[in-house]
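Subject: Structure handover

Hello,

Here is the structure for you to look at. My notes follow below it.

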Amino acid sequence: MDPLFLLLFLPAVLGFGTLAGAPAIRNYPRTTGTILAILFGLGALALLAWIPGSSERIVAWSWVPSLGLEFGLRLTAFTAWFGVLILSLGACILLYASTYFANDRRLPGLLGGLLLFTTAMLGIIWSDNLFLLFLFWEATSLLSFLLVGFDHQKEEVRDKASQALLVTLGGGAALLAGFLLLQQQFGTASLSALLSLESPSLDGPVLTMAIILVALGALAKSAQWPFHFWLPNAMAGPTPVSAYLHSATMVKAGVFLLATLAPLLHEHPLWPPLLVGSGILTVATAILRAAREDDLKSILASTTLAALGFLTLLAGLGTPAALLGFVIFLTAHALYKAPLF
């Protein structure tokens with residue numbers, strides 16, 4: 001197995017270790033944050049060193065033989081760069097959170113949730129199998145619910161965390177149905193196989209419905225119109241959670257999936273108008289919403305919506321130039337928005 005893929009499991013191991021060692025972490029919060037940040041930073045550097053001159057790497061193990069499913073992982077320059085952003089910003093967030101909650105007995109639970117969430121997010125971007133991607137996709141929704149609802153003793157926080165969970169889980173159900181139809185249309189659930197198809201057939205009602213369902217799942221995850229309302233409400237979570245989930249990770253999962261599938265699907269007549277239209281409406285709605293906000297976190301959430309709308313628009317165009325702009329803007333947004341939170 002390629003050592004780089006072990007980075008997928010590193011945050012999960014650290015997360016369970018954090019929960020098991022809760023008493024020591026409460027006594028040494030800043031030391032814990034520093035150690036976690038160093039490990040994440042080393043992981044980011046390893047990925048960064050691999051990117052120049054890299055070629056696609058794929059590993060797969062038998063998962064559900066009766067259904068022909070494999071536990072497949074895929075690493076490309078794009079997914080490796082996304083991993084660099086997740087791990088490097090994650091290092092900063094873990095260090096920040098360990099100081100922010102240094103005197104809070106709930107710190108081990110928060111760090112454990114952030115670490116497990118990191119594994120789920122890396123799983124989304126590195127999965128080669130659509131159904132494995134779906135499992136990690138739903139894991140981010142569940143972990144986000146726990147992290148946004150960190151102050152669960154407050155009824156308002158519980159309500160807003162539940163709203164985010166219901167919207168993203170509903171989108172996940174649509175996504176799963178879309179993946180099943182994609183497998184039916186093309187005969188494979190492997191992303192690498194799908195993206196390597198030469199002149200794939202884009203005709204038929206099955207593919208049209210698959211695109212609608214996948215788009216619904218991705219738009220719900222990235223809080224795009226008409227699902228844009230849940231993200232500002234999710235600002236009820238603590239600031240380290242907002243800085244990580246709602247700038248660099250979870251809300252980028254939907255647009256990441258759209259950009260990944262764009263080379264395969266962007267020539268379908270429904271793809272550009274559906275995504276470009278949703279992106280434009282999201283940008284316009286976010287601008288109007290931000291103009292009437294008087295809370296800083298809510299303003300930042302609205303500007304995040306606008307940025308995600310622009311990324312959706314670029315994924316909808318789907319051309320090589322648009323996807324290059326997608327990567328550049330995604331990077332810029334993650335690097336400036338997390339520090340602003």
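Let me start with leucine 94. Leucine 94 sits in helix α4, which covers residues 77–100. Is leucine 94 buried or exposed? Its relative accessible area is 3%. The cut-off for buried is under 20%, so a residue with such a value counts as buried. Leaving out residues up to four places away in sequence, leucine 94 touches Gly33, Leu36, Phe40, Leu111, Leu114 and Leu115. In sequence, leucine 94 and arginine 30 are 64 residues apart. In space, their C-alpha atoms are 9.6 Å apart.

Please keep in mind that this is a predicted model. Everything here is computed from it.

Stay on helix α4 for the next residue. Threonine 79 also has its place in this helix. Threonine 79 is buried, because its relative accessibility is 1%.

Now move to helix α9, residues 205–221. Leucine 213 is found in α9. Leucine 213 has a relative accessible area of 16%. That is under the 20% cut-off, so leucine 213 still counts as buried. Which residues does leucine 213 touch, beyond those up to four places away in sequence? They are Ala174, Leu175, Ala177, Gly178 and Leu181. Leucine 213 and phenylalanine 134 are 79 residues apart in sequence. Their C-alpha atoms are 13 Å apart in space.

Next comes the loop between α9 and α10, where alanine 223 is found. Check the backbone there. Alanine 223 has a positive phi of about 55 degrees, although it is not a glycine. Alanine 223 is buried, because its relative accessible area is 0%. Proline 226 has its place in this loop too, with α10 taking up residues 230–233. Which peptide bond is cis? The one from tryptophan 225 to proline 226, with omega near 10 degrees.

Now the whole protein. The secondary structure comes to 15 helices and two strands.

On burial, 57% of the 341 residues count as buried. Contacts tell you about sequence distance. Take those between residues at least 6 apart in sequence: 78% of them join residues at least 24 apart.

Last, the surface and the charges. The accessible surface of the protein comes to about 13,500 Å². How much of that belongs to carbon and sulfur atoms? Their share is 68%. The protein has 15 positive and 16 negative charges. The mean positions of the two sets are 12 Å apart.

If you open the model in a viewer, go to leucine 94 in helix α4. Then go to the cis bond from tryptophan 225 to proline 226.

Best wishes

Definitions and conventions
Residues numbered from 1 in each chain as written. Predicted model: local features only at pLDDT ≥ 70, side-chain atom pairs only at ≥ 80, totals over all residues. Heavy atoms only, no water. Helix = DSSP H or I, 4+ residues; strand = E, 2+ residues; numbered from the N terminus. Buried < 20%, exposed > 50% of the residue type's maximum accessible area, 1.4 Å probe, protein only. Contact = heavy atoms within 4.5 Å. Areas by Shrake-Rupley, 256 points an atom, 1.4 Å probe, with all protein chains shown as cover. Lys, Arg positive; Asp, Glu negative; His and termini not counted. Charge placed at Lys NZ, Arg CZ, Asp CG, Glu CD.
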